[in-house]
Amino acid sequence: MQKLRRQFLQPADEYTPIPFWFWNDRLTEDEIIRQIHDFKAKGVMGFIIHPRIGIPKEIEYLSDRFMELVTCAVEEAKRLGMKVILYDEAMYPSGSAHGQVVATNPRFASRGLLMKEYPVSDRKIELVPEFDDPDDLLVSVQAVKKISENSIDASSTMKLACEQGKVVFAAPDQEQWSVLMFIETYSRGTIRGIHFGEDDGQPDAPAAADLLNPQAMKTYINLTHDRYYEVLKDYFGNTIIAMFTDEPAILGRRSRRGLRPWTTNFLQDYISFGCDELDLPVLWFDAGEVTAVKRKQYKQAINKRLLRSYYIPISKWCEEHGIALTGHPEASDEIGLLNYFQIPGQDVVWRWVAPEDEKGITGVHSTQGKCSADAARHSGKRRNSNECFGCCGPNGVHWAFTVADMKWYMDWLFVRGVNLLYPHAFFYSIEGKGRFDERPPDVGPNNIWWPHYRIISDYIKRMSWLMTDSVNQAQVAVLCEEDHLPWQIVRPLFEHQIEFNYLENKLLESSVEVDGGTLKICQQSYRVLVIEDLNHLTSKAQTKVEQFIAEGGTVIVYNPAQLRINLPVSEITIFSELVEKIRQVLEPDLFVSEIATDLRLSHVIKDGVHFFLLVNEGMQAIKRKIRLNVIGKTEAWDAWNGTITELPVFAVDQQRMELELDLPVRGNLIIMVDPNQPYQLFKQNQQVQLIQKVIDLSSNWRSTNPLLDSQLHKGLICWTTIPELADFSGKIIYENNFVINDFAEIVKVEIDFGEVHEIAELTVNQQAAGVRLLAPYSFEITNLVKPGINQIQLQVTNTLANRLVQAKIKSGLLGKVQLKISYKP
């Protein structure tokens, strides 16, 4: 226990945040070294070198000068004991080496499948294929019977021949027919580059490469990975720990509309992967019930090709060179592609996941925290990651992103099992348009919380430590596919604190063992399997499921149509029934006295000790009685403040302990339970009831800012109501006094500043009382007060959004301010 406490309170640098470091300006060795030392001083012991738009054109990607700068950063990191992750592109998506792949061979440019439709009139048509480019290839010609403009009768589709350069077709009936030509062509997609003029839609945007072409990707690896290794091989496997690949997009960005991903000779693969050439029209037209199945088969065929041409080669390259492949695929739920990442990851961006509008538990993006965590759990990988915070400001004002927002996202990730954060991003520079407004905000050196970033980095280290080398105790597995994680059926599980993990159907086939009514994979054991769609259950997987049921396991199937199922399963017709079905066979790890739909749970065991991570994802405080399914000594481990305190047990009943939970907004609590030590039962008479006196300090404030000071006689007001401060971003000091009598009887003194925007630093009687980066803005000042008059100064720092983008966001001390003095009775 002493070892665990020490590791928590003083977490190792291994668990550091590893931020994206945007290299986006004129780079110099001196400034690179200065910034690295600044990172280290704030507890940031690693970084991802990310070439970003704003680098001058004379510093070409992978050039000698560029590599000199990279070498400088890596050498300094080694000297300081820091870690480096290399980024495999300039800028993104990955796979094109800043257009150099296509420059090497123009035929390596991204390809797609174009569909051209020719309506048949007078029941007969004669066509000559038309190509937009000399390298276009005719893949297939088919005739389809149209039901409507956007739908076809797939059973009537016919394959046509192109003979002597012509296609001739005579309609067999009076229905509406069309001839479709499927042409492989260049997608004309691009990537975002690193020099001004190379962004989306700009003339010099680098050409996207053909990620499905093995030869093109071999060239990409040679240009990028081999080049890095050539220069930095002495640092691989020690200072350099990984290569980051970023959402590779087959068509690139801004590609021609209407294309589907494709590549040369892919038709043969498409068919060998279980598809049919006659299914091609269904990629564009609705064909009834088979539409979703055919499109999914196509998508999975594309992913198989992408694995073979892209992910597997770079994964092997990384492994052979002593580093990990990390990063993330293009989509939020492509769990199958993560099998080839040594550090699987995902990407929380654009506030697609957010505290508001139930975005944390609804929609495909709400699955991505579990996506990387469960991929790691089921493949025995120690770490899994998330590129987080990019463009996550509220209401589209990304510089309005706050520490409170940041903590919500961090807790959202940690409670789902993520244990390595890649903050997006630390900006080398925010000077000028094209830098400060390029995928903001800076969440590091160029933001208001940077002087206090050690609080954040230590928090990340403690939480990452907790979720690393610990065994998750979920007993429920939710069946998923390689490219689909069901989110609707798991919502009630989140809302009722029933922990689960996504289990890929292919792993159920190949890697899961059935043992006495339990599904076992790596260190995970499941007694319940939840299936949202029986179509996810392959024939091989069904054999495992039948054995699981025969040995006493429980399978719950969502069956709203009440179809006949030839398996002895438990059925539900609405998602909310799932909770009761599970509770009929499983004792919950955590039981809450009243429903708390915003409360999230993760239960892990680390070195024989139980840890219950509880997170409030809602907008209201959560106060409940809770019961845990394990008995032992209990402590509250506070990762934000770095404290450990005893947690009294209020009752014990049938091997369960009852405790009281009080989680503020954005709050979390780690409950440690050591089953090898006895619990301490709370006794009412042990607690001395104190008398509390509350004094309102919302008036009589002064300020060092004359503009604000002249208005404070009206009371505490928002800075933006003063025209001259409407676009102000910076620090303003407030001053006030209070008097304490009966000093000898005082047990505790607190001051609560109520509403503050955004950072508050308190001084009491010229002594520092601490800083608060987010609510509650409350300070205990017992040891700082004195009898008689006490002086307080509160320095408030507001958001940069007001200066940078004239957002006019609430700023300043708004109160209500209360002094709370507790006395002995």
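Figure 1. Of the contacts (heavy atoms within 4.5 Å) with a separation of 6 or more, 77% join residues 24 or more positions apart. The structure is a predicted model, in which local features need pLDDT of at least 70, side-chain atom pairs count only at pLDDT 80 or more, and totals for chains, interfaces and linings use all residues. Residues are numbered from 1 along each chain as its sequence is written, and side-chain values use heavy atoms, with hydrogens and water left out. Buried residues (under 20% relative accessible area with a 1.4 Å probe, protein chains only; exposed is over 50% and partly exposed lies in between) make up 59% of the 825 residues.

**Figure 2. Secondary structure and overall dimensions.** The chain contains 17 helices and 45 strands, assigned as DSSP runs of H or I over at least four residues for helices and of E over at least two for strands, numbered from the N terminus. Its radius of gyration is 30 Å, close to the 28 Å that the globule rule gives for 825 residues, so the chain is as compact as a globular protein of that length. The radius is taken over C-alpha atoms, and the rule is 2.2 Å times the number of residues to the power 0.38. Along the principal axes, the C-alpha atoms fill a box of roughly 105 × 70 × 55 Å.

**Figure 3. The aromatic pair of tryptophan 262 and phenylalanine 266.** Rings of Phe, Tyr and Trp (its six-membered ring) pair if their centres lie within 6.5 Å; planes under 30 degrees apart count as stacked, over 60 as edge-to-face and the rest as tilted. The chain has 48 aromatic pairs by this rule. Tryptophan 262 and phenylalanine 266 are edge-to-face, at 4.8 Å centre to centre with 90 degrees between the planes. Tryptophan 262 is buried at 1% relative accessibility, and phenylalanine 266 is buried at 0%.

**Figure 4. The aromatic pair of phenylalanine 611 and tryptophan 637.** The ring centres lie 5.1 Å apart and the planes stand at 75 degrees, so this pair is edge-to-face. Phenylalanine 611 belongs to strand β28 (residues 609-616) and tryptophan 637 to strand β30 (residues 633-638), and the pair links these distant parts of the chain, 26 residues apart. Both residues are buried.

**Figure 5. An aromatic cluster.** One cluster is formed by Trp21, Trp23, Phe39, Phe47, Tyr61, Phe66, Phe426, Trp450 and Tyr453.

**Figure 6. The surroundings of threonine 367.** Threonine 367 sits in the loop between β13 (345-349) and α9 (368-377). With 1% relative accessibility, threonine 367 counts as buried. Leaving aside residues up to four places away in sequence, threonine 367 touches Ser332, Asp333, Leu485, Trp487 and Tyr502.
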